[in-house]
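Here are my notes for your read-through. Please keep the structure open beside them.

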Amino acid sequence: MQAVLATLALEKPASNGYVFAASALLPTILVVQPGTTMKSAVLVFPGINRERDMARALKLASGQEAAMVWHADTALPKGTDLVVVPGGFSYGDYLRCGAIAARAPVMDAVRKFAAGGGLVLGVCNGFQILCEAGLLPGVLMRNARLKFVCKDVHLRVERSDTPFTRGYNAGQVIRVPVAHGEGNYEADEETVKRLEDEGRVLYRYCSAEGIVDEESNINGAAQSIAGIVNEGGNVLGMMPHPENHVEDIMGCTDGRGLFAGLAAHLEKAA
Amino acid sequence: MKARVTVTLKSGILDPQGKAIEGALKSLGVDGVASVRQGKVFDIELSGSDKAKAEAALKDAADKLLANTVIENYAIEVKA
């Protein structure tokens, strides 16, 4: 995390509004001064259980309260510039993970928002929902070794020039938790090749040293894919939970860079 | 009218659940099992009696929700 903070500090000097707070309440949390405009909306489906963690991480990064948006709503709050589909077990994973949530009324609004270039982040079940909704290619299948995997994993950040990775350095290794039984990313050969050729794999499972190998590929995903973006680069789906590594009390803060990067990106865009 | 939609994994798609079932059958001593692929069956009751209409509706249902056509095939069978 020291590296991340240093990077952000170098890339974005004091003028961007970032300060590093050292209060007892928010030890070394990246705090954005008033004026940050990031307006995020967290979708809530029956069976989702990570929405509060997500809202907390978003608030830590931006200083702004995220709006919680119910699945039956047909519109996003006015001025939304980031939609987050959190993790959990929407509709009890019935039929296929994310299949029913992907057809919820609110998803039409999300499709429209994404088509207009709006940023969408899906984590875990959120990734599955985005794939089922047709916002991302491919599918998350049962883990190759059939086990539900719940542990910290290492991810290699493949590039830093995207809204979803600008808080990190390209090639940086971060540690974040995973908790899923269906995270084995698969797509047809042509799609996987396109994802690779177009640099759309942003996060990949790797060893602590950053080596991508079979052993570190916890669910058997094609090309060790942990997170991908759509063609427009504005929709990210990832299986690991960066929102669960954002505060010192969690034992690791490697997930902060993703949210800080998003806040910085939206600050610049505003 | 009754109908059945069967959803199966496309060939070439890894099916770890099918593999696990295959292993269990072998360890149970069930003879002659070469391989297992698992899928889903939906028994659907339809109002109306127009068979062509029913087939069209079921195709719509399978495309929109019952199957993920990236990895799955489906078959529709309308019983008279």
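1. Two residues are in contact if their C-beta atoms, placed from the backbone, lie within 7 Å. Keep that cut-off in mind for what follows. This is a predicted model.

2. Start with I48(A). It sits in the loop between β3 (40-44) and α2 (51-62) of chain A. Beyond its neighbours within four places in sequence, I48(A) is in contact with P86(A), G88(A), S90(A) and N125(A). Take P86(A): I48(A) and P86(A) are 38 residues apart in sequence, yet their C-alpha atoms are 7.1 Å apart in space.

3. Is I48(A) buried or exposed? I48(A) counts as buried, because it has 24 C-beta neighbours inside 10 Å; the cut-off for buried is 20 or more.

4. Chain A as a whole has six helices and 13 strands. Of its 270 residues, 52% are buried. Contacts in chain A between residues at least 6 apart in sequence were also counted: 75% of them join residues at least 24 apart.

5. Now helix α2 (residues 51-66) of chain B. Its end C-alpha atoms span only 20 Å. A straight helix of 16 residues would span 22 Å at 1.5 Å a residue.

6. Which residues of α2(B) are buried? They are L58(B), A62(B) and L66(B). These three lie on the same side of α2(B), because they cover an arc of only 50° around the axis. An α-helix has 3.6 residues a turn, so residues three or four places apart point the same way.

7. The buried residues of α2(B) pack against β1 (2-9), β2 (39-45) and β3 (72-79) of chain B. The face turned away from the buried side of α2(B) carries exposed residues: A52(B), A56(B), D60(B), D63(B) and K64(B).

Note on methods. Residues numbered from 1 in each chain as written. Chains lettered and ligands numbered in written order. Predicted model: local features only at pLDDT ≥ 70, side-chain atom pairs only at ≥ 80, totals over all residues. Helix = DSSP H or I, 4+ residues; strand = E, 2+ residues; numbered from the N terminus. Buried ≥ 20, exposed ≤ 12 C-beta atoms within 10 Å, placed from the backbone. Expected span 1.5 Å × (residues − 1). Arc of directions from axis to C-beta.
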